[in-house]
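Trainee: Could we go through this one together, question by question? I'd like to see how each answer is reached.

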Amino acid sequence: MDKIRRALLGQIAKLTAGAALVPLSSVASAAINDQPPRREGDPEKRYAMLIDLRACIGCQACTVSCHIENEAPLGNFRTIVSQYEVEHEETGDSATFMLPRLCNHCENPPCVPVCPVQATFQRQDGIVVVDNEVCVGCAYCVQACPYDARFINEHTQTADKCTFCAHRLDVGLLPACVESCVGGARIIGDLHDPDSQISRMMKEHYSELMVLKPEMGTAPHVFYLGMDERFVSRPDAKPAIWDVRDQQGEEIGYEFSGH
Amino acid sequence: MNSAVIEVLAPRYGIAWYPWAVQYFFMIAVSYSALLLTVPGLLLGKKNYQPLAKVALLVTVSCTLVGPVALLADLHQPLRFWHFYANLTPWSWMSIGSLLLPVYLLLVVAYAWLAWRPAMQEQAQGEGWIAKLSGWISLGQWHAPRWMLVVSGLGALLFSLGIMIYTGAEVAIVKARPLWDTLWLPVMFALTGLVAAAGLVILINRLMTGNDEDVNEQSLKVVFVSMVLSALVAALWISEGITGFSPSVEQALVSLQGNPEWRAVAIYGLLVGIALTLSTIVMLRRPGWLGRSWIAGLLAVHIGWTFRWMVLMEVQTVAKNTAGYYHYAIEAGSSGLLGIIGTFGLWLAALLIIDILVPWKKGLPTSPH
Ligand code: SF4
Ligand code: SF4
Ligand code: SF4
C-alpha cells in the first residue's frame, strides 16, 4: 500500500514538473486570490534553478554564503540544505540524502495574491520579490507559502525570502549560493533561452525532474535532478537535533556583529 | 522497502502570527455575533428582547472598538497601516478586510450612538461634567428619527456579514496549512463566535446589571443551539477527513495523530464542549438555576477563545517541510502574554468608560444580588 502510494506520488511529482513549465502568466486576472499581473524585470526571461542532487554533498556552503550575502538574521535562512539519514529497517543499511531548499519562484505563487499591499510581487522574469519599503509585516505571505520559504526578518520587520539574488543577476553575477556550491549542483538560468545550461539540462533530463509538493499546484521553478520521491512532500521523518546550543544553553551563532 | 528517516538538523522557525491575531479574531467574532443578538430587541423592537439587546449592544461596541487595535498590533510594521489604503489590492482578502473594517466600525458606533442617544440627552439635562459630556456626545437635543437607527443597524449587519466572510476566507484559502484549508472553518468561526458572544452577554449581565433572567435564558438558548450546530459541523468536518473526501482534512487529522499534545487539547475541547452543552440544558430546564448561568457564560467564552487559539496558534507549529513540530512557547513580552492581557485590559477599559458615560442599562433591573 505504502509502496503503491509512493510510486503514485512519484508519478504525480514527475508529471507536474512538466506541467510547471506551462506558462501561467496568461491566466492573470483580478478575481479574489488570483494572480495579479507581473511587473518589473525582463519580460524576455524566465529564471529558474535546477539542483543536481547527485552533485550535492550537503556541505551547507550555500546556506552560509547566502546568509552572508543577504544578511539574514540569526536562525532565519533563505536557503538551507535538509539532511536526512535513511535507514533500511530490515538490513540496517543507512544512506544520507541531501535536499537544498529555497524559494521555488513558483509560476503560481500563493504568496503573491494574499499580500494586502502588493509588496510581494512576481517580476516578469518569474522572480518573486518583496518590496520591504511597502511591506507592512502582516506575515500573510509567510502563512501562504507551502514551503516555509519566507520569514519575517526581525531586523527589517518585513517579509524576507530568497530573491534568486536578483540584485546579482541584474548586474550579471551569479547568486551567492550558486557561486559557492562546491559540486556545481545549483544551476540557475533563463528557461526562455534554449541554449542556456539550464534549458539544455532540462531537455536532457526532462522525465527525471521533480519539483517539491506538486500537489499544491504552485508550479515550482526549482527543479530537482536525482530526487527521491519520498522527499517530494513533507517527509515522514523524525527530527534529530532541533537547534544547536553550547554547554551554557546559549544558541551558537555564526553571525557577524553589527548586523 | 521500509525505512526510517531521520532529519539530522531541523531548522526551527518562529510563528508568523502572534497571539494578537487570536485576540482580533476573537473580538471581531464576538462583535458581529453580539450585533446579531441586538436585532430582535433593538432593530425589530420586540419588547421581551430589549434587555438582551441592551447588554449585547455594549458587548458589540466594546469589542468592535478594541478588535482593530489588536489587528494593528499584529502587523510587524503597525505604523505603515496606511499602506493598505495607498495600495488597494482587490485580489487580497486581507486588503478587502481593511476596507470593510473601518466602515463596519463606523456603522456599529452610529447604531449604538443612535440607540443610546435618547438616554444621553436626558442625562445631559442634569448637572456636572458627565451631563456636559453627554450633551456634547449627543450633539444637541434634536430628535433622531427611528429610520436612522434602522438604516445604520441594517448597514452594520450587512458589513458584519462581510467581516464574517472575509475573516473566514482569509484563513480558509491558505492551502499551505491543511487545517485551515477548509470551508468548514469560516462556519466554525461564526458558530463559536456566537457561543462566545452569548457567553459574554451572560457574564456582563451578571456582573454589571441585575442578572436579568430573560437575558440569561435567551443567551443560554443561543449558546445551546450554536453548540449543537458546531458539533454537527465538527462531525461533518471530521468525517470528510476519515473518508478521505477532503485530502486537506485528512492531512490535518494525521498531524493530530502524530502529536500527543494536540490530542490532549482536542479531547479537552470536546469535554468542555459537552460540559457546556449539558450545563445549558440543565440551566434552561431548572428555572432556579438561571441565576447561575454565569458558569455557562464563562465556559462559552473559554470555548470561543480556545478554539481560535488552537486554530490560529497551534496550527502554526506544524512544519510545512521539515520533520516534527516547531515549538511554540508563549512569550511574556508584548507579542505574547502581555499582548493578550493588554487587549483584554483595553477592552475592560472601553467597557468601563462606556459604563461611566452612557446610561446603557436604563430600563434593566439594576441591583445585583
Ligand atoms: S516558494 Fe513560497 S515564497 Fe517562493 S514563490 Fe513559491 S509560494 Fe512564494
Ligand atoms: S508580510 Fe509584507 S510581503 Fe508579506 S503579505 Fe504582508 S505586507 Fe505582503
Ligand atoms: S539565490 Fe541568493 S537568496 Fe536565493 S538561496 Fe541562493 S544565495 Fe540565497
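Trainee: Which helix of chain B holds B:V171?
Mentor: Bear in mind that this is a predicted model, where local features need pLDDT of at least 70, side-chain atom pairs count only at pLDDT 80 or more, and totals for chains, interfaces and linings use all residues. Residues are numbered from 1 along each chain as its sequence is written, chains are lettered from A and ligands numbered from 1 in the order in which they are written, and side-chain values use heavy atoms, with hydrogens and water left out. Helices (H or I, at least four residues) and strands (E, at least two) are DSSP runs, numbered from the N terminus. On that numbering, B:V171 sits in residues 146-172 of chain B, helix α6.

Trainee: Is B:V171 buried or exposed?
Mentor: Buried means under 20% relative accessible area, exposed over 50%, and partly exposed in between (1.4 Å probe, protein chains only). The relative accessible area of B:V171 is 0%, so this residue is buried.

Trainee: Which residue of chain A does B:V171 touch?
Mentor: Contact means heavy atoms within 4.5 Å. Leaving out residues up to four places away in sequence, B:V171 touches B:F25, B:W180, B:L185, B:F189 and B:L312 in chain B. From chain A, the partner is A:Y140.

Trainee: How far apart in space are B:V171 and B:W93?
Mentor: In sequence, 78 residues separate the two. C-alpha to C-alpha, the distance is 9.2 Å.

Trainee: How much area do chain A and chain B bury between them?
Mentor: The size of an interface is often given as the accessible area lost when the parts come together. Here that area is taken with a 1.4 Å probe and summed over both parts. 61 residues of chain A are in contact with 50 residues of chain B. Carbon and sulfur atoms carry 52% of the buried area, which comes to about 5,400 Å².

Trainee: Which element gives the most residues to the side of chain A that touches chain B?
Mentor: The elements giving two or more residues to that side are β2 (80-88), α3 (111-114), α4 (140-144) and β10 (238-241) of chain A. With 8 residues, the one that gives the most is β2(A).

Trainee: How many salt bridges are there between chain A and chain B?
Mentor: A salt bridge is a side-chain nitrogen of Lys or Arg within 4 Å of a carboxyl oxygen of Asp or Glu. Over all chains, a search of the whole structure finds 10. Between chain A and chain B, the count is 0.

Trainee: How many residues apart are A:E107 and A:R46?
Mentor: Their side chains meet in a salt bridge at 2.6 Å, N to O. A:E107 is in the loop between β3 (94-101) and α3 of chain A, while A:R46 is in the loop between α1 (2-19) and β1 (47-52) of chain A. A:E107 is buried at 6%, and A:R46 is buried at 5%.

Trainee: Where does A:D160, the partner of A:R78, lie?
Mentor: A:R78 forms a salt bridge with A:D160, the closest N and O atoms being 2.8 Å apart. A:R78 lies in the loop between α2 and β2 of chain A, so the pair ties together parts that are 82 residues apart in sequence. A:D160 is buried, with a relative accessible area of 7%. Its place is strand β7 (residues 158-160) of chain A.

Trainee: Which helix holds both B:K221 and B:E217?
Mentor: The two side chains meet in a salt bridge (3.2 Å, N to O). B:K221 is partly exposed at 44%, and B:E217 is partly exposed at 28%. Because they are 4 residues apart in one helix, about one helical turn separates them. That helix is residues 213-242 of chain B, α8.

Trainee: What is the phi of A:A139?
Mentor: Most residues other than glycine have a negative phi. A:A139 lies in the loop between β5 (128-130) and α4 of chain A, and is buried at 1%. Although A:A139 is not a glycine, its phi is positive, at about 70 degrees.

Technical notes. Buried area is the accessible area (1.4 Å probe) that two parts lose on being put together, summed over both.
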